[in-house]
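Biologist: I have not seen this one before. Walk me through it, please.

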Amino acid sequence: MLTYKEQLNPDRLPTHIAIIMDGNGRWAKERGYERIFGHQNGVTSVREVTEAAAEIGLKFLTLYAFSTENWGRPQEEVGALMELLVDTIEKETPTLNKNNVRLLAIGDIKRLPGNAGEKLLGCIRQTAGNTGLSLVLALSYSARWEITDAIRQISADLCASKITEKDINDDLVSSYLTTKGIPDPDLLIRTSGEQRISNFLLWQIAYTELYFTETHWPDFRKENFYEAIYNFQQRERRFGK
Ligand code: IPE
Ligand code: IPE
Ligand code: MG
């Protein structure tokens with residue numbers, strides 16, 4: 001039997017895949033562990049999917065790692081997640097360089113605790129010259145935060161006469177978002193069964209294909225990723241035409 005990877009049509013590969021990595025807590029609870037154990041195991045899936053994306057020559061992979069709403073979780077969980085972030089970024093930087101992967105971040109990065117923010121910016125700088133996959137981490141990100149912030153900046157530029165009312169169109173709005181320069185996702189995957197967007201990329205997913213799977217994030221492997229792409233390739237995108 002052919003694997004999903006072998007069945008992919010190389011002429012119809014997506015350019016950008018975004019993932020809502022959900023279900024870490026449930027995965028851990030089902031095994032009788034604390035939620036953080038699920039987050040720790042989720043790192044393996046991040047590694048797998050990044051590698052899987054690089055293997056097929058995907059240009060952009062965006063991972064929703066922490067939402068602005070996630071700041072409202074118990075202090076202990078937030079602290080553990082930030083620590084995991086710092087550790088992982090530090091450990092993975094050489095591998096990213098080896099695989100020609102460039103790290104980018106979207107979101108309200110200023111809100112990250114000092115060491116997490118610094119490590120993140122350090123890794124972004126150290127991988128800036130890589131020309132393969134762009135791995136975009138959504139951290140302290142929410143779409144409403146991003147759109148509100150864009151409106152604030154557009155208003156300021158209007159008042160300062162840097163732009164005029166006539167300049168405001170789709171492209172201009174896109175250029176004020178934290179995803180500036182990143183094409184809209186072709187495919188959005190959400191793991192762990194919930195069928196909602198949870199404040200992710202609301203502007204950018206206008207014509208994105210959505211794919212939901214019951215698999216919890218810590219169980220998500222390369223073949224799950226390729227299965228989602230295979231499913232995407234069977235669809236007809238019409239863009240309203
Ligand atoms: C996703 O898993 C990771 C983050 C949101 C940081 P969850 O922590 O949301 O796990 P569930 O959805 O409660 O199982
Ligand atoms: C979405 O998952 C955010 C991330 C995966 C980072 P949540 O678990 O926070 O979303 P809800 O609460 O199920 O909508
Ligand atoms: Mg969740």
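Modeller: One term to begin: buried means under 20% relative accessible area, exposed over 50%, and partly exposed in between, with a 1.4 Å probe and protein chains only. This is a predicted model, where local features need pLDDT of at least 70 and side-chain atom pairs 80 or more, while totals for chains, interfaces and linings use all residues. Residues count from 1 along each chain, chains are lettered from A and ligands numbered from 1 as written, and side-chain values use heavy atoms, without hydrogens or water.

Biologist: OK. Is Ser192 buried or exposed?

Modeller: Ser192 is buried, at 4% relative accessible area. Its phi is positive, about 75°, although Ser192 is not a glycine.

Biologist: Where is Ser192?

Modeller: In the loop between strand S5 (187-190) and strand S6 (209-212). Strands are DSSP runs of E, at least two residues, numbered from the N terminus.

Biologist: And what about phi of Leu201?

Modeller: Positive too, near 45°, and Leu201 is a residue other than glycine. Leu201 also lies in the loop between S5 and S6 and is buried, with a relative accessible area of 1%.

Biologist: Switching topic: which residues are around ligand 2?

Modeller: Among them are Ile20, Asp22, Phe66, Asn70, Arg73, Arg190 and Ser198; around means a heavy atom within 4 Å. Strand S2 (residues 60-67) gives the most to that shell, four residues.

Biologist: How far is Ser198 from an oxygen atom of ligand 2?

Modeller: A polar side-chain atom of Ser198 lies 2.6 Å from that oxygen. For Arg73 the distance from a polar side-chain atom to a ligand 2 oxygen is 3.3 Å, and a side-chain N or O atom of Arg190 is 3.3 Å from an oxygen of ligand 2. A polar contact is a pair of N or O atoms within 3.5 Å.

Key. A polar contact is a pair of N or O atoms within 3.5 Å; within protein, one must be able to donate a hydrogen and the other to accept it, and residues adjacent in sequence count only if both atoms are side-chain atoms.
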